[in-house]
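Welcome! Take a moment to look over the chain below, and then we will walk through it together, topic by topic.

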Amino acid sequence: RTVYVNGEYLPEDQAKVSIFDRAFLMADGVYEVTSVLGGKLIDFDGHVARLQRSLDALEIRNPLDRDAWLEIHRHLVSENGIEDGMVYLQVTRGAPGDRDFAFPPEDTPPTVVLFTQNKPGLADNPAAKTGIKVISVEDQRWARRDIKTVQLLYPSMAKMMAKKAGCDDAWLVEDGAVTEGTSNNAYIIKGGKIITRQLSSDILHGITRAAVLRFAREAQMEVEERAFTIAEAQAADEAFVTSASAFVMPVIEVDGVALGKGTPGPVVARLREIYLEEMRKAAI
Ligand code: PMP
């Protein structure tokens with residue numbers, strides 16, 4: 001596999017990043033994941049826009065412009081023959097010569113790494129037919145979850161708690177309400193209404209979330225952006241999560257309680273269909 005590191009395309013085993021890189025020592029970096037379907041990028045511009053917001057929030061310089069990012073994404077997709085899969089992009093505050101809590105001088109170049117992951121049949125994930133099971137876990141992440149940093153230890157631990165409990169993922173709960181999933185935004189559907197937490201620094205502003213809510217409103221579905229509890233989720237008709245790589249994924253069980261008939265419901269299936277159809281059309 002060919003990867004991109006700081007201006008160069010290299011075989012993955014020849015790519016190198018300094019051990020003093022701020023992301024390696026301090027998780028001082030941000031990332032994006034863009035899906036590829038049929039060799040084309042899904043919602044590329046949404047991801048580049050959020051990359052800019054994450055970098056701005058951390059005062060890391062964006063080393064490339066939109067067209068340069070696009071060129072690298074396309075080069076890797078084509079070079080690695082990706083039909084379905086994703087492109088991972090990471091920008092860090094770079095690698096000053098030493099470890100120091102203070103940010104390095106302004107002219108320290110950010111470290112840029114991109115690689116692809118091949119996922120044949122990504123849009124036909126069998127989990128979309130069966131649905132996934134989630135458990136609730138206390139949200140112990142830091143308070144700036146709107147910045148897409150590589151500081152993913154707690155979400156990773158929460159994912160393992162879910163796996164140990166025989167489930168697929170965890171919904172994170174703070175002050176009695178669900179914030180989001182470990183790597184996705186969370187939704188419930190009650191009486192035809194789609195309920196998902198409002199945007200704030202408590203959650204990542206999902207690129208998929210924005211698109212799904214837009215399509216839902218265009219299809220005259222009712223959307224309410226507010227916090228909801230686990231008890232409400234357990235009493236919901238349907239539930240789902242969204243992310244760039246899972247698209248729209250039905251949730252059929254929350255903390256051992258089956259939702260509705262215990263199988264993926266019609267509203268989620270329709271949202272997934274609309275999302276995939278529209279986003280494939282708009283892919284670049
Ligand atoms: N929330 C969190 C915590 C995430 O990690 C992700 C995926 N990176 C999402 C939500 C979904 O965001 P997106 O739709 O942009 O992939």
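Two strands count as paired if DSSP finds at least two bridges between them. Helices (H or I, at least four residues) and strands (E, at least two) are DSSP runs, numbered from the N terminus. What you see is a predicted model, in which local features need pLDDT of at least 70, side-chain atom pairs count only at pLDDT 80 or more, and totals for chains, interfaces and linings use all residues. Residues are numbered from 1 along each chain as its sequence is written.

**Two hairpins**

- Strand β10 (residues 185-190) pairs with strand β11 (residues 193-196) in the antiparallel sense, over four bridges.
- Two residues lie between the strands of this β10 and β11 hairpin, where G191 takes a positive phi near 55 degrees.
- I189 has I194 in β11 as its bridge partner.
- Strand β8 (residues 169-174) and strand β9 (residues 177-181) pair in the antiparallel sense over three bridges, and E174 stands opposite A177 in β9.
- β8 and β9 also form a hairpin with two residues between them, and D175 in the turn has a positive phi of about 50 degrees.

- Eight bridges join the antiparallel strands β3 and β5.
- V36 has G85 in β5 as its bridge partner.
- As you trace the strands, remember that side chains in a regular strand alternate between the two faces of the sheet.

**Helix α2**

- The expected span of a helix is 1.5 Å times one less than its number of residues.
- The 15 residues of α2 should span 21 Å, and the end C-alpha atoms are 22 Å apart, which agrees.
- A residue is buried if 20 or more other C-beta atoms lie within 10 Å of its own, exposed if 12 or fewer, and partly exposed in between, with C-beta atoms placed from the backbone.
- Which residues of α2 are buried? They are F44, H47, V48, R50, L51, S54 and L55.
- The buried residues of α2 pack against β3, β4, α3, β5 and α6, where two residues are in contact if their C-beta atoms, placed from the backbone, lie within 7 Å.
- E59 follows α2 and has a positive phi, near 55 degrees.

**Helix α3**

- Helix α3 (residues 66-79) has 14 residues, which should span 20 Å at 1.5 Å a residue; its end C-alpha atoms are 20 Å apart, which agrees.
- W69, H73, L76 and V77 are the buried residues here in α3.
- They cover an arc of only 100 degrees around the axis, which puts them on the same side of α3.
- D67, A68, E71 and S78 are exposed on the other side of α3.
- Among the elements that the buried residues of α3 pack against are β1 (2-5), α2 (44-58) and β6 (111-118).
- Just after α3, G81 has a positive phi of about 60 degrees.

- A crossover is right-handed if, with the strands pointing away from the viewer, the path from the first strand over the helix to the second runs clockwise.
- One right-handed β-α-β unit is made of β7, helix α5 (residues 153-164) and β8.
- β7 and β8 pair in the parallel sense over five bridges, with I135 opposite A170 in β8.
- Another right-handed β-α-β unit is made of β11, α6 and β12.
- β11 and strand β12 (residues 223-225) pair in the parallel sense over three bridges, with T196 opposite E225 in β12.

**Around the ligand**

- A residue is near a molecule if its C-beta atom, placed from the backbone, lies within 6 Å of it.
- Of the 13 residues around the ligand, L204, G206, I207, T208 and A244 come nearest.
- The elements that give two or more residues to this shell are α6 (207-218) and β13 (238-243).
- α6 gives the most to the shell, with three residues.

**A closer look at A231**

- A231 sits in helix α7 (residues 230-234).
- Is A231 buried or exposed? A231 is exposed, with 12 other C-beta atoms within 10 Å.
- A231 and V254 are 23 residues apart in sequence and 9.0 Å apart in space, C-alpha to C-alpha.

Definitions and conventions
Arc of directions from axis to C-beta.
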